[in-house]
Amino acid sequence: MDRPAVAVAAVAVKNGEVVLVKRKYPPNPGKWSLPGGRVELGERLEEAVLRELREETGLAGRVVRFLQPVEYIEREGPRVSYHFVILVYLVEVEGDASPTASDDAEDVAVVPVGKALEMDLTKTTRDVLERLLSEF
């Protein structure tokens, strides 16, 4: 990676619970995280977060508001292997569809935020959910 990548993530809420995906590929394979990914060239941020939610879970949603930026930097010795600037949005899931894991996710779950914090989360997902809880 020669420069930071812009990414988005959705705190997707369905019936008062949060949607999480279990990562299949690096970084952090096997850990639970918010649905999200890289912004494509020419794509608006809100479009990107809804696309990523749909691609990873099959769910449609509506952006409620921007929540916060987070950074994810992973190093292998002196080399930076990952550097993402992640823009996190609160998204309300629309419709009655059940989530299904895409081919780049091991699993998908819809759980209360308190239960989510007991799961094996990525650090950035844990930070976002803890901050969100502290606001209520």
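**Close-up views of a predicted model**

Figure 1. Leaving aside residues up to four places away in sequence, Val88 touches Ala9, Val11, Leu34, Phe66, Leu67, Gln68, Val70 and Val128, where contact means heavy atoms within 4.5 Å. The model is predicted, so local features require a pLDDT of at least 70 and side-chain atom pairs count only at pLDDT 80 or more, whereas totals for chains, interfaces and linings use all residues. Residues are numbered from 1 along each chain as its sequence is written, and side-chain values use heavy atoms, with hydrogens and water left out. Val88 is also one of the residues that touch the most other members of the largest nonpolar core, together with Val11, Val18, Leu20, Leu34 and Ile86; this core has 24 residues. Two or more residues come to this core from each of β1, β2, β5, β6, β7, α2 and α3. Apart from it lies another core of 16 residues, including Val19, Val63, Leu87 and Val93. A nonpolar core is a set of buried Ala, Val, Leu, Ile, Met, Phe, Trp, Tyr and Cys residues joined through side-chain atoms within 4.5 Å. Buried denotes under 20% relative accessible area, exposed over 50%, and partly exposed in between (1.4 Å probe, protein chains only). Helices (H or I, at least four residues) and strands (E, at least two) are DSSP runs, numbered from the N terminus.

**Figure 2. Aromatic pairs.** A search of the whole structure finds two aromatic pairs. Phe66 and Tyr89 are arranged edge-to-face, with 5.3 Å centre to centre and 70° between the planes. This pair links distant parts of the chain, as Phe66 lies in strand β5 (residues 60-76) and Tyr89 in strand β6 (residues 79-94), 23 residues apart. Phe66 is partly exposed, with a relative accessible area of 38%, whereas Tyr89 is buried at 7%. Tyr82 and Phe84 form a stacked pair, 6.1 Å centre to centre with 20° between the planes. Phe84 counts as buried at 12% relative accessibility. Rings of Phe, Tyr and Trp (its six-membered ring) pair if their centres lie within 6.5 Å; planes under 30 degrees apart count as stacked, over 60 as edge-to-face and the rest as tilted.

**Figure 3. The salt bridge between Lys31 and Asp120.** The closest N and O atoms of Lys31 and Asp120 are 2.8 Å apart in this salt bridge. The pair joins distant parts of the chain: Lys31 is in the loop between β2 (17-23) and β3 (32-33), and Asp120 is in the loop between α2 (113-116) and α3 (123-134), 89 residues apart. Lys31 is partly exposed, with a relative accessible area of 26%, and Asp120 is partly exposed at 42%. A salt bridge is a side-chain nitrogen of Lys or Arg within 4 Å of a carboxyl oxygen of Asp or Glu. The whole structure contains nine salt bridges.

**Figure 4. Further salt bridges.** Arg79 forms a salt bridge with Glu76, the closest N and O atoms being 3.2 Å apart. Arg79 is partly exposed, with a relative accessible area of 46%, and Glu76 counts as partly exposed at 48%. A network of salt bridges links Glu40, Glu43, Arg51, Glu52 and Glu55.

**Figure 5. Helix α3.** Within helix α3, Lys123 and Asp127 lie four residues apart, about one turn of the helix. Their side chains meet in a salt bridge (2.7 Å, N to O). Lys123 is exposed, with a relative accessible area of 61%, while Asp127 is partly exposed at 33%. Thr124 also lies in helix α3 and counts as buried at 17% relative accessibility. Not counting residues up to four places away in sequence, Thr124 touches Val70, Glu71 and Tyr72. Among the elements of the protein, α3 has the lowest mean pLDDT (90) and β3 the highest (98); pLDDT is the predictor's confidence in each residue, from 0 to 100.

**Figure 6. Helix α1 and its packing.** Helix α1 (residues 45-57) has 13 residues and reaches 18 Å from its first C-alpha to its last, close to the 18 Å expected at 1.5 Å a residue. The expected span is 1.5 Å times one less than the number of residues. Ala48, Val49, Arg51, Glu52, Leu53, Glu56 and Thr57 are the buried residues of α1. They pack against β1 (5-14), β2, β4 (36-38), β5, β6 and β7 (105-111). Gly58 follows α1 and has a positive phi, near 80°.
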